[in-house]
Amino acid sequence: MLEKLILRRIYKDANPQTWLQHQFGFRKAHSTIQQCHRLTDIINKALEEKQYCTAVFLGVNQAFDKVWHPGLLYKIKQTLSPGYFSLLKSYLQDRYFVTKFNNETSSKLPMLSSVPHGSILGPLLYTIYTADLPTSNKTILSTFADDTAIFTTHPDPTTASVSLQDHLNNIEKWFRKWKLKINENKSTHITFSLRQGQCPPIYINQTIVPHEETVIYLGLYFDGRLTWKVHIVMKRKQLLNKTRELKWLIGKTSPLSLENKLLLYKTVLKPIRTYGIELWGCATKSNIAINQRYQSKLLRTVTNAPWYVSNHTLHTDLRIPYFRTVFQERIAKHRTVITTHPNPTMKPLLQLAYNRRLKRRWSFDGLH
């Protein structure tokens, strides 16, 4: 209860919008889809302008466990009003840990790092600790909790990589100073472009970051041309695996009522198939049809419908909308939220580019 009261008071007094813009995790009115929309907007504009968009997605080792208490207290003093410093200092101090293996237990040792796991204030403390990550005028920084991505665009691939490398060098220094560590083997470098060639390699800790054709960020699969086909195919496989697990409950021979089968479909399978549809819903009709065909097949299995019952009848009678309908509804709601969003980094998403060179659709095109 006390932690909740402190948290509410800090957000009221400190106004995170003034010192926390790139971080979308653990914040009210901020979501993974909104953060990913920022990235897709950058990529789409780069593709439209025949540029190279190169990005690195950082893997951080044990981010929450490595929050250094003296450094955290220093940043609390710099960020929050003086009254919070003494309160949060007492909150962090005098914490100990023991290790137990079989019947043996180690002696009690003080905790000099880590935010309390499962606590109300833990996420805020981590956010304060990483709020001063170095930024650059030539790159875009995107963070959601410890998931960090850095993007930059330029017509010349070498220049793009140089800008990205310069920012990474500053971030490396910051990580060393505040006793955190980037895992270069778990980090990913990717180039988004419709042009031939790739951007030169990127280095972290003097090691080349692996270059991939597809990267996963916040549950979405980004391919090098942003066609969303990889994401749709992977979600199709995930749906197939989950359906097999539920077959004994929603299959043709299941004794469950149709009402309960539909309830399982809407609570377990629907979130998988519709997550991020505000962004990938603008994919080509052939890619969208991959998921739509599976949905129709699944509804036919759930209802044990005979062959002569059309897919349209199934969707209508069960009140299950088609993917295009879901996309239009969700993107309309998404735009309304962005219009009044408190974070200024979301405002550029509302500025639609007209007279576009490419025929590909952007998210908000679904409204027209």
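1. Tyr74 is partly exposed, with a relative accessible area of 46%, whereas Trp178 is buried at 8% (buried means under 20%, exposed over 50%, partly exposed in between; 1.4 Å probe, protein chains only). The model is predicted: local features need pLDDT of at least 70 and side-chain atom pairs count only at pLDDT 80 or more, while totals for chains, interfaces and linings use all residues. Residues are numbered from 1 along each chain as its sequence is written, and side-chain values use heavy atoms, with hydrogens and water left out.

2. The structure holds 11 aromatic pairs; rings of Phe, Tyr and Trp (its six-membered ring) pair if their centres lie within 6.5 Å, with planes under 30 degrees apart counted as stacked, over 60 as edge-to-face and the rest as tilted. One of them, Tyr74 with Trp178, is stacked, at 6.1 Å centre to centre and 25° between the planes.

3. Trp280 and Phe323 form a tilted pair, 5.9 Å centre to centre with 55° between the planes. Trp280 is buried, with a relative accessible area of 1%, and Phe323 is buried at 2%.

4. Lys75 lies over the face of Trp178, 4.1 Å from the ring centre, and Arg273 lies over the face of Phe323 at 5.0 Å. For such a contact, NZ of Lys or CZ of Arg is within 6 Å of the ring centre and within 35 degrees of the ring normal.

5. The count of disulfides (pairs of cysteine sulfur atoms within 2.5 Å) comes to 0. For Cys36, the nearest cysteine sulfur is that of Cys282, 13 Å away. Cys36 is buried, with a relative accessible area of 0%.
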